[in-house]
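Biologist: Please show me how to read the features of this model one at a time, with the general idea before each case.

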Amino acid sequence: MDATTATATQKFIGQEGRFGARNYQPVPVVVERARDCLVWDVEGREYIDMMSAYSAVSHGHLHPRLVAAVQRQLQQVAVTSRAYHGTTLGPFLEKLCTVAGFDRALPMNTGAEAVETAIKCARRWGHLVKGIADGEQQILVARGNFHGRTSTIIGFSTEADYRAGFGPFAPGFRHFDFGDMDSVRAATTASTCAVLIEPIQGEAGVILPPAGFFRELREWCTRNDVLLIDDEVQAGLGRTGRWFAFEHEGIRPDALVLGKALGGGVLPVSAFLADRAVMDVFNPGSHGSTFGGNALAAAVGLEALLVIEDEDLVARSAALGEHMLGRLRGVMQAAAPLIRDVRGRGLWAGVDIDPAHASARELVERLAERGVLSKETHETVIRFAPPLTITRDLIDRAVDIFQEVAMRKHRELALAGPVSANPRVEAVVPAA
């Protein structure tokens, strides 16, 4: 790094620090440009993107078809508000409903807005359809959840840092333990109208529920006339090796929340989906968004769905995800006891670092120094969630670098435990 480029890096980081709110702690990399699965910083250094903006860039950076869709629509019209009809929203909603298998979709912008839409829908359904007195409706949420950052949503978070100083919070939420049906039943009251849940808890550390939990939860919700609302803002649209994570257990929720990848990595696009019996509790004036479903967003959303379909990104995620998880489990075995666990599904993995030996943040920064971008969560977990367009070769390059970083830390600490003599730790196939 010469003086000029070093000054450029410091300048941009310094500007953000001086003029921006300090609500983020980014990895010290200044991204200048990106293409597909590669990113370059202001020094011209190349990185493999193993985060894809928390699944928002599942199609890879600046996918040519998505860029073309933006350019075409920008020659026509971008935003008119929902005061008028348009030529892009209908086709987008039809395709989205067809892919997801629901009657209706309500478009919004960010994932948190779509979750807020789900909350409003569940409460109104609980009142109008289930007959719960207005103001008494209760929604069950899992401990360790992450559904966004609005004041309502953080009010039912169980993370102290997300809540501290932001009260008072809205009532109407009760907690259960993720993956525990006894806990769900214990949290239930006569005023319960819905369960809002992630199929995999991403922010909590890529936590998977026990096998069969969602089938049992689906059956319980049906028996008790409770809506099952599935938040797949991160997990949906191919991330887990299926179009939607709920498909892994062969169930269908009553409502679905989507976002991130729906915008193709170029715009914020989200949606709340449900059948008529649930969605029709909304009437004109009961909910809306100036930008939700705008012409540009709808054009991008439609093309994002078509690209996933045409390029078979779901099957790609399943196959390459199995390879990535196997490679990471191989590193875990070689670097024991530095790594406690590797969890994941599809192209989504959480590598759990033992805090007695290292912080996830330290290893994330070492990875960035070696040309691999990832991000920590909860101080102990490194997340790997590359674009679904990634190649096997890029996965291997990234995991090889992670292996080198982990083994170097293992040597620095003089840890006891197995250390592979092979230059590459090969995939470990999990037991069936």
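**Rings, cysteines, a helix and a sheet**

Modeller: Let us begin with burial: Tyr162 counts as buried, at 14% relative accessibility (buried is under 20% relative accessible area, exposed over 50%, partly exposed in between, with a 1.4 Å probe and protein chains only). Phe146 counts as buried too, at 19%. The model is predicted, so local features need pLDDT of at least 70 and side-chain atom pairs count only at pLDDT 80 or more, whereas totals for chains, interfaces and linings use all residues. Residues are numbered from 1 along each chain as its sequence is written, and side-chain values use heavy atoms, without hydrogens and water.

Biologist: How many aromatic pairs are there?

Modeller: Rings of Phe, Tyr and Trp (its six-membered ring) pair if their centres lie within 6.5 Å; planes under 30 degrees apart are stacked, over 60 edge-to-face, and the rest tilted. The count by this rule is 7 aromatic pairs. One of them joins Phe146 and Tyr162 edge-to-face, at 5.9 Å centre to centre with 70° between the planes. Phe146 belongs to the loop between β5 (138–142) and α5 (151–155), and Tyr162 to helix α6 (residues 160–163), so this contact ties together parts that are 16 residues apart in sequence. Helices (H or I, at least four residues) and strands (E, at least two) are DSSP runs, numbered from the N terminus.

Biologist: Why is the pair of Phe384 and Phe402 edge-to-face?

Modeller: Their planes stand at 65° and their ring centres are 5.4 Å apart, so the pair is edge-to-face. Phe384 is buried at 2% relative accessibility, and Phe402 is buried at 1%. Elsewhere, Phe178, Phe213 and Phe214 form one aromatic cluster.

Biologist: Which charged end sits over the ring of Tyr162?

Modeller: A charge sits over a ring if NZ of Lys or CZ of Arg is within 6 Å of the ring centre and within 35 degrees of the ring normal. Over Tyr162 it is the charged end of Arg149, 4.5 Å from the ring centre. Arg33 does likewise with Trp40, its charged end being 4.3 Å from the ring centre.

Biologist: How many disulfides does the structure hold?

Modeller: The structure holds 0 disulfides (pairs of cysteine sulfur atoms within 2.5 Å). Cys121 is in none: the nearest cysteine sulfur, that of Cys193, is 9.6 Å away. Cys121 is buried, with a relative accessible area of 1%. For Cys221, the closest cysteine sulfur is also in Cys193, at 11 Å, too far for a bond. Cys221 counts as buried at 1%.

Biologist: What span should helix α11 have?

Modeller: The expected span is 1.5 Å times one less than the number of residues. For the 22 residues of α11 (residues 313–334) this should give 32 Å, and the end C-alpha atoms, 31 Å apart, agree. Of these 22 residues, 16 are buried, so α11 is largely enclosed by the rest of the structure.
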